[in-house]
Amino acid sequence: MKLEFDIASGDFSKAGRASSRIKKMLKQLQVDPKVIKRIVVAIYEAEVNVVAHSVGGKMLAEIDGTGITVIVQDNGPGIEDIEKAMQEGYSTATKAVRNMGFGAGMGLPNINRNTDEFTIESELGVGTVLTFRNNF
Amino acid sequence: MKLSEIIELTNAKVVAGDTEKNHNLLRAFSSDLMSDVLTLDTEHILLITGLANLQLVRTAEMADIEVVLLARNKRATPEMIELANETGLVLLETPYSIYRSGGVLFKNGLAPVY
Ligand SMILES: Nc1ncnc2c1ncn2[C@@H]1O[C@H](COP(=O)(O)OP(=O)(O)O)[C@@H](O)[C@H]1O
Ligand SMILES: [Mg+2]
């Protein structure tokens with residue numbers, strides 16, 4: 001089963017729509033609630049990052065018999081130093097983002113902690129691609 | 001702690017969700033930082049917060065939080081109430097501060113997450 005979502009830059013009111021849809025779908029499939037929680041937390045943080053830090057992008061989710069794979073890609077600006085971005089507490093978030101309850105530099109570490117497989121690739125001026133997977 | 005007890009102790013008003021459902025809260029957590037809330041792996045928790053926006057309702061949905069108490073007269077927006085009713089979140093508003101809400105609930109036996 002494949003799902004695709006567009007994620008617009010700056011539109012915080014819509015952040016969480018993809019994670020919400022996927023949550024409902026996994027519930028219907030009677031996946032273990034603990035597994036559902038981990039993957040939707042990762043997806044939600046990834047959505048928020050595209051809204052907060054990029055010019056926009058999209059998410060692809062594929063559910064198979066053994067798990068779920070998620071690809072989140074945006075069209076820039078890219079991350080200069082991935083190692084730094086992965087550190088807990090590192091953030092370039094604006095005050096507006098912090099007022100939304102995000103921007104503490106915990107998103108990427110949260111994604112890492114809540115997924116079984118996680119890779120992040122980024123090129124300045126091109127964009128960022130997050131790929132992660134959780135097994136059921 | 002029963003939801004009805006939390007409502008009574010904090011002098012709260014219910015603005016969204018089904019209070020007839022048997023909500024029994026085991027612990028409480030307080031934060032305005034949604035990424036922090038998303039790190040919790042405890043179940044049946046009450047979140048006490050001063051952040052009143054849609055992200056709060058989305059975060060509660062993803063973090064499996066059943067009840068949120070908005071402190072110090074922070075008002076839930078119509079969009080928040082609509083989304084909360086859709087996701088089944090109970091939203092409460094209290095005139096008490098985060099400090100006082102937490103204090104009174106702790107004193108009456110609601111355990112902290114940390
Ligand atoms: N999709 C993205 N595009 C560009 N930069 C990003 C993206 N995701 C994360 N970053 C960078 O990595 C930093 C850390 O991200 P994260 O851990 O989610 O924390 P936060 O979002 O709270 O800042 C961000 O502040 C930003 O500088
Ligand atoms: Mg983030």
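Chain A has five helices and five strands (DSSP runs numbered from the N terminus, H or I of at least four residues for helices and E of at least two for strands). Read from the N terminus, the order of elements in chain A is β-α-α-β-β-α-α-α-β-β. The radius of gyration of chain A, 14 Å, is close to the 14 Å given by the globule rule for 136 residues, so chain A is as compact as a globular protein of that length; the radius is taken over C-alpha atoms, and the rule is 2.2 Å times the number of residues to the power 0.38.

The model is predicted, with local features needing pLDDT of at least 70 and side-chain atom pairs pLDDT 80 or more, while totals for chains, interfaces and linings use all residues. Residues are numbered from 1 along each chain, chains are lettered from A in the order written, and side-chain values use heavy atoms, without hydrogens and water.

Of the 136 residues in chain A, 47% are buried (under 20% relative accessible area, with exposed meaning over 50% and partly exposed in between; 1.4 Å probe, protein chains only).

Turning to chain B, helix α5 (residues 98-107) has B:S101, B:V104 and B:L105 buried. These residues cover an arc of only 95 degrees around the axis, judged by the directions from the helix axis to the C-beta atoms, which puts them on the same side of α5(B). B:Y99, B:F106 and B:K107, on the other side, are exposed. The buried residues of α5(B) pack against α1 (3-9), β3 (45-49) and β4 (67-70) of chain B. After α5(B) comes B:G109, with a positive phi near 105 degrees.

How values were computed
Contact = heavy atoms within 4.5 Å.
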